[in-house]
Each structure stands twice: as structure tokens, then as C-alpha cells.
Amino acid sequence: MIIYGARIVQAGPLVEDGLAYKMLITFDANGPADCLDYALALRPEVMHPTLPILPDGQLQMAGKEYRITAVGHEARHNLFELAHLTLIFDANLHARHAGCLHLSGTCPSLADLEGNLVISEAIS
């Protein structure tokens with residue numbers, strides 16, 4: 001089941017700097033301009049706030065599927081309130097900070113950041 005789905009609106013001018021460190025920050029497209037400079041702007045379309053985001057769930061973006069390996073304890077709250085996450089492409093099993101998701105797979109390129117971002121439950 002889909003937990004969260006959003007349309008990717010645009011990548012801020014400084015997003016590529018984060019990608020060099022295997023990180024991608026998301027934020028609501030209506031957020032403050034200074035935050036959006038560093039973020040992938042999202043327009044939320046589907047939200048099921050009662051469903052938890054858990055390791056082994058899936059994140060789909062840029063035509064790829066990523067397995068969620070760790071979830072910060074504030075990630076779900078930040079996502080549903082602000083469309084804000086820090087995505088870290090390192091497959092770490094322990095969250096680096098409260099608002100992050102760690103993902104397995106290769107960090108996307110700036111040119112690939114279009115379409116939708118979808119987080120779904122693990123498939124049993």
C-alpha cells in the first residue's frame with residue numbers, strides 16, 4: 001500500500017551539491033525559498049499518515065526502486081507536515097539523524113529527478 005506519494009516539482013539550484021554526498025533533501029514546493037534552494041520541491045498527492053514508514057519499505061523515484069534500510073524517528077512526522085526528508089543513499093541500518101531515510105541503491109543524478117516520489121509498505 002502507498003504510504004506517501006508526491007509529484008516532483010523541481011530541484012533547487014544547490015541540490016546537486018547534496019547528491020555529491022549521496023544525500024537528497026525534500027521539501028514542500030510551497031516552503032521557504034531558502035530551503036527550496038537545497039531541496040527537491042514536492043507537491044504531495046497521497047498521504048496515509050496512520051501507516052508507518054519502516055525498514056524494508058520501498059521508495060520509488062527517478063524511475064528506480066530503493067529499499068528503505070533505516071528510518072529516523074521524526075521522518076514520518078516531517079514528511080507529512082512539511083514534505084521534508086533527508087534521503088541518504090548509503091544502505092545504513094541505523095538512522096544518522098531524526099528526519100532521515102537511509103536507502104539502498106545508487107544515488108540518482110540531477111537529470112533523473114522528475115516524475116513522482118512514492119513510499120510504500122514492504123511487500124511480503
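Guide: A polar contact is a pair of N or O atoms within 3.5 Å; within protein, one atom must be able to donate a hydrogen and the other to accept it, and residues adjacent in sequence count only if both atoms are side-chain atoms. The model is predicted, so local features need pLDDT of at least 70 and side-chain atom pairs count only at pLDDT 80 or more, while totals for chains, interfaces and linings use all residues. Residues are numbered from 1 along each chain as its sequence is written, and side-chain values use heavy atoms, with hydrogens and water left out.

Visitor: How far does the backbone nitrogen of N30 lie from a polar atom of the side chain of D28?
Guide: D28 belongs to strand β2. Strands (E, at least two residues) and helices (H or I, at least four) are DSSP runs, numbered from the N terminus. Between the backbone nitrogen of N30 and a polar atom of the D28 side chain, the distance is 2.7 Å.

Visitor: Which side chain of opposite charge is nearest to D28?
Guide: Lys and Arg count as positive and Asp and Glu as negative, while His and the chain ends are not counted. A salt bridge requires a side-chain nitrogen of Lys or Arg within 4 Å of a carboxyl oxygen of Asp or Glu. D28 is buried (under 20% relative accessible area; exposed is over 50%, partly exposed in between, with a 1.4 Å probe and protein chains only). It has no salt bridge, and at 5.5 Å the nearest side chain of opposite charge is R43.

Visitor: In what order do the 8 strands close into a barrel?
Guide: Two strands pair if DSSP finds at least two bridges between them. The pairing here is mixed, and the 8 strands close in the order β1-β3-β2-β6-β7-β5-β4-β8.

Visitor: By what angle are neighbouring strands of this sheet turned against each other on average?
Guide: Axes are lines fitted to C-alpha atoms, for helices over the stretch in contact, and angles run from 0 to 180 degrees between N-to-C directions. For neighbouring strands of this sheet, direction is ignored, and the average is 35°.

Visitor: Which residue in β6 is the bridge partner of I25?
Guide: Strand β2 spans residues 23-28 and strand β6 spans residues 85-88. They run antiparallel and are joined by 4 bridges. In β6, I25 is partnered by T86.

Visitor: Which residue in β7 is the bridge partner of I88?
Guide: β6 and β7 pair over 3 bridges in the parallel sense, whereas β5 and β7 pair over 3 bridges in the antiparallel sense. In β7, V71 has L101 as its bridge partner. The β7 partner of I88 is H102.

Visitor: Which residue in β8 is the bridge partner of Q58?
Guide: Strand β4, residues 58-61, runs antiparallel to β8, and 4 bridges join them. In β8, L59 is partnered by I119. For Q58, the β8 partner is S120.

Visitor: How many of the 5 residues of β8 are buried?
Guide: β8 is also joined to β1 by 5 bridges, and the two run antiparallel. β8 is mostly covered, and its buried residues number 4.

Visitor: At about what angle does helix α3 run to β1?
Guide: Helix α3, residues 75-82, lies across several strands, including β1, β2 and β3. Its buried residues are A75, N78, L79 and F80. The angle of α3 to β1 is about 60°.

Visitor: How far apart are the C-alpha atoms of P108 and G63?
Guide: P108 lies in the loop between β7 and β8 and is buried, with a relative accessible area of 3%. Not counting residues up to four places away in sequence, P108 touches several residues, among them L19, M61 and F89. P108 and G63 are 45 residues apart along the chain, and their C-alpha atoms are separated by 9.3 Å.

Definitions and conventions:
Contact = heavy atoms within 4.5 Å.
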